[in-house]
Amino acid sequence: MEVLQLLFFGMFALVIVISALGAIFCRNIVHSIVSLVITFLSISGIFILLNADFLAITQIIIYAVGITILLIFSVMFTTTKDDNKLWLAFAPRTLLAFVVAGSLFILLIFNITNKFTDFNKNPESFIIKAPKESTIELLKEQGTTPIIGKQLLTKYVLPFEVLSILLLGVIIGAAVIAKKENNNSQER
Amino acid sequence: MDFLLDIKTAMLPEAILSLTILMCTVLCFMLKQQIQKVIYIISLLGLVISLFSISLLAANKVFTAFYNSFSSDFFSVLMRFLILAGTLLVIVMTKDYSFTFKNRQGEFYLLILIAALGALLLAGSNDLIMIFIALETLSLCSYALSGFLKKDKSSNEAALKYLIFGGAASALMLYGFSFLYGITGLTNLTEIFSYLANNSGGTMLNLTLFTVISGFLFKVAAFPFHSWAPDVYEGAPVPVAAFLSTVSKIAGFAALVKLMGLAFNNIEIISITLGLIALLSITAGNFMALNQMNIKRLMAYSSISQTGFVLIGFALLSYMGISGAVFYLISYLIANLGAWLAIIIFNDQTSKNLISDLNGIAYNNPYFATCFGLCLLSLAGIPVTIGFMAKFYLFHAIVQMGPAYLWLLIFALLNTILSLFYYLKVIKAMFVCGQESINSKLVFNGGVLNTSFIALAVLVVILGILVTPFINIARYSALSVKLPIKQIEIFK
Amino acid sequence: MEFFINNVWIIPALPLWSFLSILFGRALNVYENKYISLALTAGSTFIGFIFSIFILFYCINNAGTNHQYDILWLDTRDLKFSIGWLVDNLAAMMLVVVTSISLLIQVYSHGYMEQDKGYHRFFAYLVLFNFSMLALVLSTNLFQAYIFWELVGVSSYLLIGFWFNRPSAAQAAKKAFIINRIGDFGLLVGILALLFYSLNWWANSQNTLLEFATLGQAGSLALVNAGPVLFGFLTLGLLLGPIAKSAQIPLHTWLADAMEGPTPISALIHAATMVAAGVYLIARLYPVFELSPQTMTIMAWVGGATAFVAATIAITQTDIKKCLAYSTCSQLGYMILAMGIGAYSAGLFHLMTHAYFKAMLFLCSGAVIHSLADQQNMKYMGGLRKKMPIVAYTYLIGTLAISGLLFSGFWSKEAILSSLYTQGENLLLVIALITAFMTAYYMFRSYFMTFEGEYRGHARFHKPSKVMTMPLIILAVPSAITGFIFSGNLNLIGIKSFDSFVFYGHALHEAHTDLFLPICSLIIALLGFLLAGIIYWDKLKSLYCNCFDAIQRYTIPLYRLSVNKWYFDDFYNLLIKYLILPISEFISIFDKYIIDGFVNLCGISTLYKGKAISLLQNGNVQTYLVTALLSFIAVIILIFLIFII
Amino acid sequence: MEFLSLNILIFAPLIVAGIILSPLFPNDKIIVRRFAKGFSGILFIYSILFLLFFDPYNTDYQFKENIKFFSDTNWIEPLGISLGFGLDGISIMLVVLATFLVMLALIVSKKSITTKHKLYYSLILALTTAILGMVTARDLFLFFLFWELELIPMYFLILIWGTGKKEYSAMKFVLYTFFGSLFMLGSILLLNYFHVLNTGISTFSIEALTYSRHYEIPFLFESLIFLGFFIAFAVKLPIVPLHTWLPNAHVDAPTPVSMLLAGILLKMGGYGLIRFNIQMFPEMIKVFAPMLIISGVINIIYAALVALAQKDLKLLIAYSSVSHMGFVLLGLGALNSIGITGAMFQMIAHGLISAGLFLIVGVIYFRTKTRVFSHLGGLGQVMPKAFYFTILLAFASLGLPLLIGFAAEVMIFYGAFTSNSLDGFVLSNQLMTALAAISIVITAAYLLWVLQKVFMGNMFEKWQKVQDITPHETIALTFLSIPIVLFGLYPEGVTSLFLPFVDSLVSYFTL
Amino acid sequence: MELGLVHYLILAAILFCIGILGVIISRNIIKILISIEIMLNAVNINFAAFANFGDLDEAKGQVFAIFIMAVAAAEIALGLAILIACYNNRHSVDIEDYTSLKG
């Protein structure tokens with residue numbers, strides 16, 4: 001079981017990293033989006049490994065479908081012929097970006113592993129708690145969905161409600177901004 | 001759980017504001033576009049009512065609501081009061097400006113109200129998720145608001161930059177949240193405090209705190225996450241810029257205060273880091289403001305440096321410091337809104353933004369110049385304005401921390417010279433004469449805009465003299481903040 | 001008699017009152033009449049003169065008069081400065097000299113200045129000078145002396161620069177004041193040092209601070225406190241004041257320039273009274289100077305050198321006033337020399353006689369100049385004896401007196417020379433004798449060039465008015481007789497000699513019967529007279545041969561030296577031009593470009609730093625992000641480095 | 001005595017400024033000017049009344065007053081800041097000097113101010129409030145507040161009515177002074193900190209921090225506090241490396257403003273040195289006395305030499321100001337009664353003299369539109385009155401006996417010479433004083449040079465029609481001359497006012 | 001070798017850094033938005049991992065991740081709306097063209 005998990009994890013992780021890199025380094029924007037979809041899908045695989053089945057499903061629905069469609073639409077709206085020339089910026093910041101990404105990574109690993117000393121599978125910095133028996137039972141039967149649903153409607157009811165207002169705002173904002181104006185009068 | 005009781009004791013203004021939002025939404029789609037001015041009135045009314053409802057909140061102790069995901073203490077009540085007052089003034093500002101939004105006025109007010117709601121919730125949220133959602137409510141509406149002049153190239157550009165920068169920053173913050181969650185296994189702040197008070201978070205906690213703080217540094221436009229501010233302030237509609245530089249900042253600070261309590265095991269590190277960031281903010285803002293020609297950009301840089309001053313109060317991690325920061329925020333709110341009002345009055349009538357456009361305006365419209373000058377002097381910290389008192393009180397708080405913080409004092413003091421230079425540059429432009437190049441004519445009509453402008457300028461001076469109540473309020477509110485101090489110092 | 005002594009304050013007070021009257025009268029346009037100014041001026045001086053005469057007689061009759069009255073001027077617990085009046089023999093003598101000469105010169109000035117626009121101003125200045133000079137003479141203490149010492153300097157400044165629209169006058173006035181200020185500097189430091197080292201003495205005694213009467217005791221304490229070397233410097237500082245005021249080397253150059261002032265001023269201030277104040281102050285400070293033998297020696301040598309150098313310069317001057325000015329210098333040198341070798345009475349005696357005849361000489365020259373429409377060059381004079389005999393004869397009297405041939409100058413100079421002789425200062429004696437020879441030579445030269453021979457000028461001649469000649473005649477009397485009267489030769493009829501009246505310590509009355517020195521000096525003076533006559537008197541001209549030309553040729557370098565005033569002025573000008581002004585320019589540039597430049601650099605560099613930092617704000621949001629993250633990571637690493645590792 | 005209220009004295013000018021500025025006030029320049037002038041005259045007389053009722057033998061504050069809000073015991077209760085005013089030996093003379101010079105500045109404003117009268121007169125009056133508040137404040141915070149408040153009117157006065165590089169100069173003045181004041185702010189806060197640390201009470205009261213400071217502040221911090229105050233006052237005074245704002249500000253400011261700047265504002269530096277550096281830190285001042293003396297001597301000689309090289313009349317006078325303020329330092333560094341008395345007297349003397357000299361410069365500049373020596377000359381012929389007044393002022397400035405400058409210089413020289421404040425230091429008081437005394441030659445040189453170049457000598461044809469001073473200026477100069485002569489003849493008239501105060505001051509560090 | 005928390009964390013860190021890299025070096029604005037999404041996904045992995053290893057009883061991390069997803073979707077929608085508005089004005093999706101506000 002463990003080996004299988006490790007295998008899956010390795011596979012997914014490899015795919016995630018490669019496709020994420022592909023999403024960034026592809027010259028063609030559509031290729032990028034396709035690459036991104038692969039990333040999203042692999043991430044949902046990771047979620048499944050992490051006992052987050054609901055999350056995995058949501059990931060596929062929102063990311064791999066919803067967002068991707070949005071992206072493709074916007075690509076269709078905006079892309080002109082010479083957009084393929086847009087690839088990577090070749091400016092000082094490109095170099096710095098690698099420095100930033102690299103140093104941030106090292107910093108993160110440095111801290112996660114407690115100054116490179118704690119390469120245990122579960123570093124001491126983080127809380128590790130075995131789930132209750134009842135939870136394991138629940139998980140086996142229904143996955144995490146009941147837990148999440150309960151949480152959303154009790155503990156996190158306020159954010160959940162506020163999220164609706166947020167979405168209202170975003171809808172109005174996005175609509176107003178993306179809407180085509182009929183009159184061509186100049187503003188300001 | 002009695003949600004109604006929760007709302008009554010802790011979230012009355014939010015509830016009223018939500019109702020207003022709903023009403024406005026309905027009206028927005030029902031009303032004809034010509035009479036969308038009604039929404040302006042309604043949103044003002046809603047804000048005023050929720051402003052008054054704050055006084056109904058019991059502020060003498062901490063009230064929590066909705067499973068402790070929201071808590072209302074005196075500090076957050078005060079911050080929410082400031083947020084609402086600021087939003088009110090921002091909406092007042094749009095009175096003559098909103099014609100630029102054509103038929104989208106209703107949506108504009110709606111977005112502002114939603115953003116304000118996000119800010120209010122941010123000021124009171126007591127849960128990581130709540131913080132995140134409130135913050136995103138505020139941010140996303142702000143992005144939309146910045147790009148509200150969609151035919152305007154700079155407005156688009158501002159919104160785009162704001163979004164990209166904000167997205168990255170909030171991702172960084174969330175990353176921090178995830179580690180915080182990983183360290184404690186908790187999302188509720190109160191629980192996290194008590195967990196951290198008993199357990200050390202290891203090395204990871206430091207990095208976590210830094211990344212968490214970075215999201216708020218972005219919100220308050222502090223170094224190093226400040227560079228969006230000038231571009232956005234310049235490109236965004238002026239009321240939005242005013243909103244960003246006041247309301248959104250106050251909300252950011254209000255949330256940042258909540259996170260101060262996380263620094264139990266690393267008081268020194270957080271204190272020094274925040275101090276360093278504060279100084280760098282002040283310095284960066286001041287240095288870049290020196291050569292500005294555009295008054296909106298100038299105000300942006302100035303607000304960066306003002307942020308730094310508030311952060312100094314945080315960096316002290318003492319009640320004195322927090323009360324100094326609170327008092328400073330009050331003074332900043334008044335003076336900065338006054339300055340933005342001046343800019344919008346000027347912009348409404350002349351559509352100009354350069355400092356040189358102000359040349360000689362004092363002799364055309366002395367009231368304008370005087371009031372604007374007073375606001376700028378307050379920002380610079382010249383007596384007898386509230387800004388001077390606030391700076392003095394803040395510096396006093398630094399010194400009360402003892403000699404260990406003298407470096408902070410020295411650099412902050414030196415920076416005030418730089419800030420005086422560019423504020424005086426604006427004042428100089430207004431009062432300079434001899435070249436007879438009065439570029440702009442300004443009419444001063446007794447509208448609500450001008451009235452509130454003058455009222456703010458008068459307030460700047462009056463509060464500069466009658467400061468005691470405000471200092472007391474600031475101290476009282478600071479006492480309600482949870483700080484990682486083992487021993488509670490007593491205000492002398 | 002007591003009345004005069006007790007009310008001696010009236011003597012300076014009246015001129016002050018007159019000054020204020022003229023000042024405010026003019027300012028408020030109360031009066032326009034010139035005679036009012038004259039009356040106020042001359043009247044106040046006349047009353048002062050009457051007072052002085054009575055006081056003099058009182059002093060003569062009451063030996064050892066020492067009437068002192070002090071008013072506390074500045075009372076600041078630690079420091080109590082007083083102003084008052086002191087009447088003793090010396091003061092009485094000076095009072096008479098000053099008031100009498102002043103009176104005559106004021107009358108004379110009326111004639112000289114009648115046509116001038118600034119008539120009232122002139123008299124106001126004049127009377128201001130009178131006030132200061134008289135108050136200086138009556139000073140009870142060194143501090144008061146310093147106050148009025150400066151005030152006479154200012155009066156002198158105002159009067160030299162009276163015709164201020166002449167650039168040379170303005171320059172000369174400034175020069176005079178600044179050089180005097182150098183002296184004041186020394187004097188001030190000297191006073192402070194003296195006070196400092198004798199502070200205990202004054203604190204324990206009830207005496208007025210720095211009063212002359214007890215200065216000697218305080219001085220001896222200061223000598224103990226300071227040690228001989230410091231005390232020597234202290235006294236040198238004190239000496240610097242008189243050196244400047246009395247135009248001694250090296251601070252003598254202002255006196256010749258001061259001749260830019262109206263001639264009555266030259267007569268009064270720069271010949272008779274003010275320049276003599278230096279000698280007067282030395283006399284007052286004698287108890288202190290006496291404590292430092294080195295200073296006394298220096299004083300003597302300064303005097304001797306001045307006497308000699310000034311005389312050599314006077315030989316070649318063609319400007320009649322300059323010639324007289326250098327002669328004044330030279331004679332003042334005599335006085336200082338006398339003071340330096342301890343011939344206290346002789347010096348003051350010479351001061352008195354010199355005041356009269358030199359004032360008269362200047363007035364004569366003034367009359368000549370006035371008559372010749374401001375012509376001062378002797379080359380364009382000549383033969384004036386016939387046109388203005390009174391002036392010529394009075395001038396001759398003065399010439400004889402100053403040369404030591406006859407009249408008062410003989411007696412006073414003789415006193416100095418004999419003191420030199422008895423003191424055994426042979427080198428100084430030789431110098432003094434050579435100077436005497438030169439004095440006779442240049443004085444007669446000026447006399448001959450001006451009054452004898454043919455008229456060489458072009459200016460139209462005006463006859464001097466009676467107002468101008470009368471003072472000459474009156475002055476001729478004391479010029480002629482004072483020396484003899486006070487020489488001690490009239491002891492028999494009750495007139496005591498000068499040195500039994502004004503003396504230091506105890507009256508040393510040495511009737512020297514040795515006739516060698518008087519005869520010697522007479523011969524030397526005669527030689528001078530002859531030489532001048534040979535060269536400049538037409539009647540004798542036939543006697544000399546061409547060989548004189550040859551002599552002249554060999555003496556050209558010396559001639560140049562003399563004409564150029566020993567290059568003192570040039571040296572000072574070079575000093576100012578190439579040392580002081582460059583230093584000040586340098587500091588000014590340093591101030592402007594280094595200090596202020598640093599300040600501006602701070603400002604400008606800050607602005608440029610702002611610009612440089614603004615480059616990061618290049619509009620590209622990704623750059624913002626990368627800088628933000630980079631600095632964020634940098635801060636984190638920095639903090640980690642500080643705290644964790 | 002009830003009618004003597006410091007509050008009225010201090011705030012009346014501000015209220016009148018408000019009245020003048022208000023739109024209801026007629027916008028007629030003559031009415032504005034006369035009103036302001038009349039008010040300043042009344043203010044001067046009112047301040048004279050304070051002088052008459054002042055008891056010099058009481059070394060405490062007199063005419064104490066406290067303004068309170070909201071039934072608090074203090075102004076800002078939480079910090080222990082009081083809005084209290086009072087007069088003592090040093091303040092009283094500066095108050096009278098300030099009102100006097102303001103009156104004169106307003107009298108001569110007719111010619112030099114031709115635009116924006118309402119603003120001008122109200123700014124001058126606001127400046128008056130700031131100055132009076134500064135001098136009479138009994139609270140460190142209040143002092144600092146007025147210290148900064150004074151910058152703004154001054155900035156506008158230079159900016160709007162100035163000439164030349166006025167924007168640069170105004171900015172430099174403000175930033176420089178602000179720079180200095182920041183150090184003072186730091187010191188004030190540190191002082192408060194140590195008071196809180198030792199007594200538990202937060203206060204900024206000068207009396208409390210001066211007389212009831214029975215605890216020890218660590219030497220390092222005490223010296224830091226001392227230096228903080230010193231730098232602020234060094235900028236204002238100004239002390240030499242920090243003086244370069246002064247020439248610019250003076251040259252570009254209009255005449256009445258220059259008068260006020262030189263006449264009063266520079267004195268605030270001296271006032272601060274006495275009030276804070278000496279009165280509050282009797283121990284530290286002994287340590288830092290060499291610094292005072294050396295910087296005093298440098299000021300005196302350096303600025304005098306710089307003045308000697310100036311080609312511009314106003315610059316020369318400005319540098320002479322710097323030089324003369326060096327005497328104040330020298331006197332203070334002497335640390336004895338007479339030296340400090342002399343320094344205070346010198347402040348008053350210089351206030352009067354420099355105001356007069358700047359007025360003269362303004363008079364000349366207004367008529368000839370130039371201040372460069374090489375373009376001037378012989379003006380004494382066409383403007384004799386100005387010439388006489390200049391002679392008087394120049395001689396007063398170079399320390400002519402029986403004029404006001406002399407008494408001050410003598411006291412300072414005497415005080416410095418007989419002082420032992422440099423004992424144990426490589427230099428001796430006597431040597432330094434002797435060095436400083438050289439300045440009497442240099443000062444004479446440059447001042448007489450002014451007289452020579454401006455008023456004497458040949459006159460250019462173009463100045464033939466230059467008018468003599470107007471009655472207004474004559475009145476102002478006469479008013480200035482009266483105290484210059486009067487207190488020159490009778491210095492005790494002034495010194496007796498603060499002598500007891502100085503004695504009590506000195507008693508703190510001689511014990 | 002056993003699969004543990006640290007592996008997920010490292011994976012998330014790599015992904016996060018890739019996201020940062022993409023935000024900074026891409027020129028196409030859409031790609032920048034994509035990169036932001038990648039960063040948010042990295043955060044989600046973190047949350048899910050922590051929820052799995054430490055907090056499976058309440059699975060707060062997963063709730064958090066859902067909120068993040070919702071907000072991310074909203075954000076990208078708004079972002080694309082803004083992008084379209086930008087595109088209407090300038091006809092470019094090159095970030096280098098959006099540098100008119102600077103200084």
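Author: Start with the term: two residues are in contact if their C-beta atoms, placed from the backbone, lie within 7 Å. This is a predicted model, in which local features need pLDDT of at least 70, side-chain atom pairs count only at pLDDT 80 or more, and totals for chains, interfaces and linings use all residues. Residues are numbered from 1 along each chain as its sequence is written, while chains are lettered from A and ligands numbered from 1 in the order in which they are written.

Reader: OK. How many residues do chain A and chain B put into their contact?

Author: Chain A gives 31 residues and chain B gives 39 residues.

Reader: Which helices of chain A supply at least two residues each there?

Author: α4 (92-112) and α7 (157-178) of chain A do; helices here are DSSP runs (H or I, at least four residues), numbered from the N terminus. The largest share of that side of chain A, 14 residues, comes from α7(A).

Reader: Which two chains share the most contacts?

Author: Chains A and E, of the eight pairs of chains in contact. Their contact takes 78 residues from chain A and 65 residues from chain E. On the side of chain E that touches chain A, α3(E) gives the most, with 20 residues.

Reader: And chain D, how far is it from chain A and chain E?

Author: No contact joins chain A and chain D, and their closest C-alpha atoms lie 34 Å apart. Chain D does not touch chain E either, with nearest C-alpha atoms 24 Å apart.
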